[in-house]
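I opened my notebook to look up a few things, one at a time. Here is what I wrote down, in the order I went.

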Amino acid sequence: MHSTLVFLFAFLAAAVNAHFQLQYPPPRGVFVEDDEPTFCDGYLTAVSNRSEFPLSGGFFSLNSEHPKWTAGVLISTLPDPKSFNNFSQVNSFFQIQGEGAFCIPLDFSKSNVTSLSTGQNVTIQIVFDGGDGQLYQCADLTLSNSFTIPTNVSCTNATSTATSSGATSTSTGAASTPKPSSLGVREYAMSSLAIPFTLIGAVLGLAAL
Ligand SMILES: [Cu+2]
């Protein structure tokens with residue numbers, strides 16, 4: 001009973017605060033708003049109970065409390081990374097307009113990070129900027145070429161308005177059948193793989209807005 005109430009209050013607190021909350025894969029610990037501007041939301045040590053995560057065809061999901069935001073994924077292959085220098089950028093940063101739940105493809109097999117293998121332990125760090133500075137949450141993973149994200153893990157998008165400064169449109173015309181909005185963001189992110197867009201570039205792009 002007591003723990004249920006604690007959980008409920010934690011959930012409500014997260015729901016009314018600004019910033020973002022990584023939903024999947026699970027972050028190292030519960031969201032701490034005041035620590036989110038710091039490395040791994042203030043969680044400095046890799047967890048022992050890592051989440052299995054697919055080498056290809058994966059996604060991550062988050063809840064955005066900001067209406068317009070830029071995000072990206074960093075990865076470290078160290079067993080217990082301790083600084084941003086231990087991370088490299090997985091894919092292009094992307095910009096999305098909308099608050100609420102978002103599901104973004106995270107396909108390591110199609111990323112610019114090579115030589116990842118099944119069974120490997122990695123840490124991802126989600127970088128998010130909704131206008132009040134860069135925010136960070138980390139998840140400790142074990143990669144797998146046989147693991148599929150369970151279908152009960154939510155993958156939805158509150159809006160389908162993904163854009164990017166300098167990114168070309170991903171529209172391919174009317175030939176394809178209508179798709180759910182979630183696929184819009186997926187397609188956008190896939191096409192963005194071809195666009196060199198560094199972390200520094202993302203910061204400069206935001207500053208120019
Ligand atoms: Cu915020």
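Entry 1: I am working with a predicted model. I began with an open sheet of 3 strands, which runs in the order E1-E3-E7 with antiparallel pairing. I noted the edge strands next: strand E1 (20–24) and strand E7 (100–106) each pair on one side only. On average, neighbouring strands of this sheet are turned by 30° against each other, direction ignored. A reminder to myself: strands of a sheet pair through backbone hydrogen bonds, either parallel or antiparallel.

**Entry 2: E3 and E7.** How many bridges join E3 and E7? I found 7, in the antiparallel sense. I looked up two partners in E7: Ser61 has Cys103 as its bridge partner, and Asn63 has Ala101.

**Entry 3: aromatic rings.** My search of the whole structure gave 10 aromatic pairs. One of them is Tyr24 with Phe59, a tilted pair at 5.8 Å centre to centre with 45° between the planes. Tyr24 sits in strand E1 and Phe59 in strand E3, so this pair ties together parts that are 35 residues apart in sequence. I checked burial too: both Tyr24 and Phe59 are buried.

I then turned to Phe39 and Phe87. Their ring centres are 5.9 Å apart and their planes meet at 70°, so I filed the pair as edge-to-face. Phe39 is in the loop between E1 and strand E2 (51–54), while Phe87 is in the loop between E4 and strand E5 (88–89), 48 residues apart. Phe39 and Phe87 are both buried. I also wrote down a cluster, in which ring pairs link Phe20, Trp69, Phe94, Phe102 and Phe128.

**Entry 4: the copper ion.** Which atoms coordinate the copper ion? I listed His19 (N), His19 (ND1), His66 (NE2) and Asp132 (OD), at 2.0 to 2.8 Å. Why do I call the arrangement irregular? The 4 donor atoms subtend angles of 80 to 157° around the copper ion, which makes it so. Along the sequence, the donor residues follow the spacing H-x46-H-x65-D. His66 lies in the loop between strand E3 (58–64) and strand E4 (68–76), and Asp132 in the loop between strand E8 (121–129) and strand E9 (134–144), so I noted that this pair links distant parts of the chain, 66 residues apart. His66 is buried, at 10% relative accessible area, whereas Asp132 is partly exposed at 37%.

Conventions
Residues numbered from 1 in each chain as written. Predicted model: local features only at pLDDT ≥ 70, side-chain atom pairs only at ≥ 80, totals over all residues. Heavy atoms only, no water. Donors = N, O, S within 2.8 Å, 3.2 Å for Na, K, Ca; no water. Tetrahedral: all angles 85-135°; square planar, octahedral: opposite > 155°, others 65-115°. Helix = DSSP H or I, 4+ residues; strand = E, 2+ residues; numbered from the N terminus. Buried < 20%, exposed > 50% of the residue type's maximum accessible area, 1.4 Å probe, protein only. Pairing = 2+ DSSP bridges. Axes fitted to C-alpha atoms, helices over the stretch in contact; angles between N-to-C directions. Phe/Tyr/Trp six-rings, centres within 6.5 Å; stacked < 30°, edge-to-face > 60°.
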